[in-house]
Amino acid sequence: MLPKIDLGQLQFAEPDYLWLLVLPALLLVLWIWRLAVRRGDAARMTRTRVSAVPERFSTIGDLPFWLLLIAAMVFLIVALARPHGPATVVRQGGVDLVILQDGSASMRTPDVPGDRWQRSMRFLRTLGESMAWRDDRIAMALFAHIAAPQVRLTKDPNTFFFFLDHLNIESPFRLEDDTTWDTNIELGIAWGLRLIEKDEEIYGKNPNAKAFVLISDGQAWSGTVSRSVQLAKQRGLPVWVVGVGTSAGGFIPEPPPKTPNTPPEPPLRSVLDRSSLALIANAGGGEYLELDRDGDREIANRIIDAARKRAGSRGLQVGTEELYWRCLAAAIVLIGVGLLFMQERIELVLQAAGAGVALALVWTLTR
């Protein structure tokens, strides 16, 4: 939303340029005189000229161009003076996104570019780039059979991207550990709730709208998910679910043998459990989305926009708004409209070139 500017309190950073407004004022007087002369000439020609075919004489000709050029000159001079004024804008509420990232063994399945884990990290980077980071905050917890918080709620993008840079290759849960071979979504949501509670305990209640973003393939999950989902819903925390993987699936990489004599385990195939994830999203009051079915940017914006609508506004914020670019844009528009009134092609080319030189001069003076 554009800020509302109080023009009654307009100020100028470079008021010394304002004396140049005398030039367009003199040109305006000249333009009025030229209009009166042209109207008189047109009336005299109509009375005195005899023709077999009635003739019509334009009373304004290309004068609208010069009037618009004078107006554009006014805006250019005002732009040179660097106008600014107090502005009020409705401050949109922020959002708190708690990322619940599946780090179980099935996330290493290479049925998407890289594997499911690496695909998730690329999406999380897009999600982070789509946030405003002014009032928005983000947290992150990983889960398999156990859960591990990685990032507390923060509005520092460097902290979030630092963890992504160090987690972009593989999950910190090792394939050798038995706890990695399970997807305990219930525990992941429970840890998300604990992250929010801990933040409120330290910093107090934050007015940001909060939401969970669960990223998983849903494979071989345990725990009573409905219990955690209902608890999150009762606290007004919708659960958005982002599925990663394919219906065709693939084989989970085998962990290294614990001993040299350990016989190899038969390979396990993992597929995207789309129906279970959709049920979780529906029960949690969110929506099920799927990577590579929709674009990453589209998914990220949909989640953030939905959360921001729940945030409402934080009232009016008063600040200072620069009007330089608006004045420059108004001058360009006026010159462009004025060129439509030019009747001779050579004049059109010359005037367009002159306008370009004038704008380049203004740009040079104000850099």
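Reader: Which residue in E5 is the bridge partner of Asp 102?
Author: This is a predicted model, where local features need pLDDT of at least 70, side-chain atom pairs count only at pLDDT 80 or more, and totals for chains, interfaces and linings use all residues. Residues are numbered from 1 along each chain as its sequence is written, and side-chain values use heavy atoms, leaving out hydrogens and water. Strands E4 (residues 95-102) and E5 (residues 137-143) run parallel and are joined by 7 bridges; strands pair if DSSP finds at least two bridges between them, and strands (E, at least two residues) and helices (H or I, at least four) are DSSP runs numbered from the N terminus. In E5, Asp 102 has as its bridge partner Phe 143.

Reader: Which strands stand at the edges of the sheet?
Author: The open sheet has 6 strands with mixed pairing, in the order E6-E5-E4-E7-E8-E11. Two strands have a single partner each, so one side of each is left without a neighbour in the sheet. Those edge strands are E6 (147-154) and E11 (285-290).

Reader: At about what angle does H3 run to E4?
Author: Angles here run from 0 to 180 degrees between N-to-C directions, with axes fitted to C-alpha atoms, for helices over the stretch in contact. Contact means heavy atoms within 4.5 Å. Helix H3 (residues 116-130) lies across E4, E5, strand E7 (209-216) and strand E8 (239-243). Its angle to E4 is about 175°.

Reader: How many of H3's 15 residues are buried?
Author: Buried means under 20% relative accessible area, exposed means over 50%, and partly exposed is in between (1.4 Å probe, protein chains only). Among the buried ones in H3 are Trp 117, Met 121 and Leu 124. H3 is mostly covered, and its buried count is 11.

Reader: Which residue caps the N-terminal end of H3?
Author: A polar contact is a pair of N or O atoms within 3.5 Å; within protein, one must be able to donate a hydrogen and the other to accept it, and residues adjacent in sequence count only if both atoms are side-chain atoms. The backbone nitrogen of Trp 117 lies 3.1 Å from a side-chain oxygen of the capping residue. That cap is Asp 115.

Reader: Is Ser 171 buried or exposed?
Author: Ser 171 sits in the loop between helix H4 (157-167) and H5. Its side chain reaches the backbone oxygen of Gly 103 at 3.0 Å, and a polar atom of that side chain is 3.1 Å from the backbone nitrogen of Phe 173. Because its relative accessibility is 5%, Ser 171 counts as buried.

Reader: What is the phi of Arg 82, roughly?
Author: Most residues other than glycine have a negative phi. Arg 82, in the loop between H2 and strand E3 (83-92), has a positive one although it is not a glycine. Its phi is about 55°.
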